[in-house]
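Subject: Handing over a structure, with notes

Dear colleague,

Please find the structure below, followed by my notes on what was found in it. I would be glad if you read the two side by side.

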Amino acid sequence: MSEESNLLLPVPTGQLQVSEYHPRSVNTGDKVIRLSLVIPTYKERNNIQNVIRILSLLLDESIPGDYELIVVDDDSPDCTWEVARSLVTEYPQLRVMRRQQERGLSSAVIRGWQVARGEILAVIDGDLQHPPEVLTQLLRAMEQGADLAVASRHIEGGGVSSWSVVRRFLSRGAQVLGLIILPGVLGRVSDPMSGYFMVRRTCIAGAALHPVGYKILLEVIGRGKVRDIAEVGYVFCERTAGESKVTWKQYVDYLRHLLRLRLSTSPLRGFPFVRFFRFGLVGLSGVFVDMTVLYLLSDPTTLALPLTRSKIIAGEIAIFNNFLWNDAWTFADVSMQQQEWRQRLKRFLKFNIICLAGLVLNVLVLNLVYNFLIPNRYVANLIAIAIATVWNFWVNLKLSWRVTQVK
Ligand code: GDD
Ligand code: MN
């Protein structure tokens, strides 16, 4: 094997699974190191030297000799892997992998973790959009016992510098969609799309990972045994060279990834039965309010107002009734943490919008059932309310009364 090619790491094949044991390496014998930082690259030729220099300076200062950098390049057409390999002699803690059979950001990170020797596995982008100085805060959080430390754009000190309104909208939209489809995963952190984090090896060792696309963090939270999560705010910087590889394909991959995780994680794992029961009881009180007002407004023996107009008024009054009971009882443990009137108002508005969508669904189903299936307005109304209740519970649970489980 030529001198140059042995400066490249062997590329693991088969299952994407991190082992419990730290693979031994020739030049460190049995010494386990603290941090293995994987840098996935694709066409980063003009960034990679700077990235390695800055990361090495920073980590030589904080954990000298106790870390390694692993560049995993997917055979970039600009030969990023070649530039990285040329740096190995200058930076002994740098290791380089050139993948030619596989492609993809998430699988690149895991292949890097498979050859990693650290007890903490981490990932950072190779384009300096993730500020390296945040590493020390993430490391500190891990030393304080976190299983997972995530650099988040959506908490105090976080943000994105130069994203277009479209990208911001798409990123947030993707997050809301994920909260509805996979709340047990995306609801645990404020920035589930982050590609900048550290995880304890033991939390993901042995788990068969099946990532799709860019969102490696979803896979770690969805399939790992992660208990304590810490977050550090950071501002996503502008690129100085090269361009983002995110296209519409990453959004399709993201959706596929969500559905795959949803199907593979038990739908009832952690299902909030007690909350659902209370929400149902509150909903029943709302049915009573809804029916009473519907009777008072639309029955031929009372005001005899048109059915739809009466239904909308009855529905809105029932929504207000339900919000008060849910905020004070069903979700009391959550609303207790967010007592400010602005937070309460925000919750009421979210609840109202979601329930109004539920009311539209309710009116549609009422008219559908009343005009085409069962010509009894009260039976049709009950069926409509039942369907709208399931919608209201699920979406409110994920969006209105959501608290990320972060220290
Ligand atoms: N090996 C490999 N294979 N690396 C890749 C691939 C790939 O197929 N695609 C992208 N990369 C590398 C890029 O070279 C870069 O270092 C990093 O992954 C991020 O890719 P970008 O194309 O720059 O993504 P972005 O900046 O738009 O979004 C990044 O930041 C977001 C916020 O943290 C990504 O990390 C997103 O996943 C993340 O949500
Ligand atoms: Mn980038």
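Two strands are taken to pair if DSSP finds at least two bridges between them, and helices (H or I, at least four residues) and strands (E, at least two) are DSSP runs, numbered from the N terminus. This is a predicted model, in which local features need pLDDT of at least 70 and side-chain atom pairs count only at pLDDT 80 or more, while totals for chains, interfaces and linings use all residues. Residues are numbered from 1 along each chain as its sequence is written, chains are lettered from A and ligands numbered from 1 in the order in which they are written, and side-chain values use heavy atoms, with hydrogens and water left out.

Overall picture

The secondary structure comes to 14 helices and 9 strands, and the C-alpha trace spans about 95 × 40 × 40 Å along its principal axes. The domain assignment, whose bounds come from an automatic or database source, gives domain 1 (2-166 + 190-242) and domain 2 (273-400), with 47 Å between their centres, taken over C-alpha atoms. Of the 407 residues, 52% are buried, where buried means under 20% relative accessible area, exposed over 50% and partly exposed in between, with a 1.4 Å probe and protein chains only. Among the contacts (heavy atoms within 4.5 Å) with a separation of 6 or more, 80% are made by residues 24 or more positions apart.

The sheet

An open sheet of 7 strands runs in the order β3-β2-β1-β4-β7-β5-β8, with mixed pairing. Because β3 (94-98) and β8 (229-233) each have a single partner strand, they stand at the edges, and one side of each is left without a neighbour in the sheet. Neighbouring strands of this sheet are turned by 20 degrees against each other on average, direction ignored; axes here are lines fitted to C-alpha atoms, for helices over the stretch in contact, and angles run from 0 to 180 degrees between N-to-C directions. Strand β5 (residues 148-152) is joined to β8 by 5 bridges, and the two run parallel; within this pair, A149 has A230 in β8 as its bridge partner. Helix α3 (residues 105-114) packs on the sheet, where it touches β1, β2 (67-73), β3, β4 (118-123) and β7 (197-200), and its direction makes about 150 degrees with that of β1. Helix α4 (residues 134-143) lies across β1, β4, β5, β7 and β8, and runs at about 150 degrees to β5.

T41 belongs to strand β1 (residues 33-41) and is buried, with a relative accessible area of 4%. Leaving out residues up to four places away in sequence, T41 touches I48, V71, V72, D73, D74, S76 and T80.

E219 lies in helix α8 (residues 216-223) and counts as buried at 0% relative accessibility. With residues up to four places away in sequence again not counted, E219 touches L209, H210, P211, G224, H257 and L261.

F276, in helix α10 (residues 273-298), is partly exposed, with a relative accessible area of 34%.

Pocket and cavities

On a 1 Å grid over the protein atoms alone, a cavity is a set of points where a 1.4 Å probe fits but cannot get out, whereas a pocket is an open set with protein on both sides within 12 Å along at least five of seven lines, and lining residues have an atom within 4 Å of a point. Grid points are joined across faces, edges and corners, and a volume is the space filled by probe spheres set on the points.

The largest pocket has a volume of about 900 Å³. It is lined by 44 residues, of which L105, Y214, K245, V246 and Q250 are the closest to its centre. The elements that give two or more residues to this lining are β1, α3, α5 (165-181) and α9 (248-264), and α9 provides the largest share, 6 residues.

The structure also holds 2 cavities of 30 Å³ or more, and the largest cavity has a volume of about 240 Å³. Of the 20 residues that line the largest cavity, N322, N362, I385, T389 and N392 are the closest to its centre. Two or more residues of that lining come from each of α10, α11 (307-330), α13 (341-373) and α14 (377-399), with the largest share, 6 residues, from α10.

With best regards
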